[in-house]
Amino acid sequence: MPQYKSHKVRLEPNNRQATLFAKHAGCARYAYNWALGISEKLYAELGISLSDIDLNKMFVKMEKASHDWLYQVSKCATQQAIRNYKNAVNN
């Protein structure tokens with residue numbers, strides 16, 4: 001029987017890091033909700049469902065062009081949020 005080990009890690013971010021964590025979480029939440037809204041609208045009106053790659057391309061063209069604050073965080077935060085949305089829909 002395998003033995004399992006665990007490690008407990010506690011983050012103690014400074015003010016700058018805590019702010020950056022909050023910005024990443026906020027942008028990810030925005031991208032997830034945007035993907036949800038646009039997907040529901042496209043499916044209701046046209047009956048089509050887009051892949052996560054297509055949703056990400058649309059997000060970059062539509063949202064990042066008009067919201068400069070999305071460039072303050074890593075692109076991975078919004079990409080992963082859109083992937084998480086598609087995984088939730090597929091499940």
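**Close-up views of the helix packing**

**View 1. Helices α2 and α3.** In this predicted model, α2 and α3 pack at an angle of about 135°, with their axes 10 Å apart. That angle makes α2 oblique to α3; angles under 35 degrees count as roughly parallel, over 145 as roughly antiparallel, 65 to 115 as roughly perpendicular and the rest as oblique. Axes are lines fitted to C-alpha atoms, for helices over the stretch in contact, and angles run from 0 to 180 degrees between N-to-C directions. Helices are DSSP runs (H or I, at least four residues), numbered from the N terminus. The crossing of α2 and α3 is right-handed, meaning that the near helix is turned clockwise from the far one by less than a right angle. On the α2 side the contact (heavy atoms within 4.5 Å) involves Asp52, Leu55, Asn56, Phe59 and Lys64, which meet Lys75, Thr78, Gln79, Ile82, Arg83, Tyr85 and Lys86 in α3. By class, the residues where α2 meets α3 are four nonpolar, three polar and five charged. Ala, Val, Leu, Ile, Met, Phe, Trp, Tyr, Cys and Pro count as nonpolar, Asp, Glu, Lys and Arg as charged, and the others, Gly among them, as polar.

Residues are numbered from 1 along each chain as its sequence is written. Local features need pLDDT of at least 70 and side-chain atom pairs count only at pLDDT 80 or more, while totals for chains, interfaces and linings use all residues; side-chain values use heavy atoms, with hydrogens and water left out.

**View 2. Helices α1 and α3.** Helix α1 (residues 15-46) packs on helix α3 (residues 75-90) at an angle of about 45°, and their axes are 8 Å apart. The two helices, α1 and α3, are therefore oblique to each other. The crossing in which α1 passes α3 is right-handed. From α1, the residues His24, Cys27, Ala28, Ala31, Tyr32, Ala35, Leu36 and Ser39 meet Ala77, Thr78, Ala81, Ile82, Asn84, Tyr85 and Ala88 of α3. Eleven nonpolar and four polar residues make up the contact of α1 with α3, and no charged ones.

**View 3. Helices α1 and α2.** The angle between α1 and helix α2 (residues 52-64) is about 105°, with their axes 11 Å apart. This makes α1 roughly perpendicular to α2. Tyr30, Ala31, Trp34, Ala35, Ile38, Ser39 and Leu42 of α1 make the contact with Leu55, Met58, Phe59, Met62 and Glu63 of α2. These residues of α1 and α2 divide into ten nonpolar, one polar and one charged.

**View 4. Buried residues of α2.** Leu55, Asn56, Phe59, Glu63 and Lys64 of α2 are buried, a term for under 20% relative accessible area, with exposed being over 50% and partly exposed in between (1.4 Å probe, protein chains only). The elements that cover the buried residues of α2 include α1 and α3.

**View 5. Leu50 and Lys86.** Leu50 lies in the loop between α1 and α2. Not counting residues up to four places away in sequence, Leu50 touches Leu42, Leu55, Met58 and Lys86. From Leu50 to Ala28 the C-alpha distance is 19 Å, at 22 residues apart in sequence. Lys86 is placed in helix α3 and is buried, with a relative accessible area of 10%. With residues up to four places away in sequence again left out, Lys86 touches Ser49, Leu50, Ser51, Asp52 and Leu55. Lys86 and Tyr32 are 54 residues apart in sequence, and their C-alpha atoms are 9.3 Å apart.

**View 6. The two cysteines Cys27 and Cys76.** The whole structure has zero disulfides, a disulfide being a pair of cysteine sulfur atoms within 2.5 Å. The sulfur of Cys27 is 13 Å from the closest cysteine sulfur, that of Cys76, which is too far for a bond. Cys76 is likewise in no disulfide. Cys27 counts as buried, at 3% relative accessibility, whereas Cys76 counts as partly exposed, at 46%.

**View 7. Lys8.** Lys8 is located in the segment before α1. The relative accessible area of Lys8 is 87%, and this residue is exposed. A distance of 41 Å separates the C-alpha atoms of Lys8 and Ser49, which are 41 residues apart along the chain.
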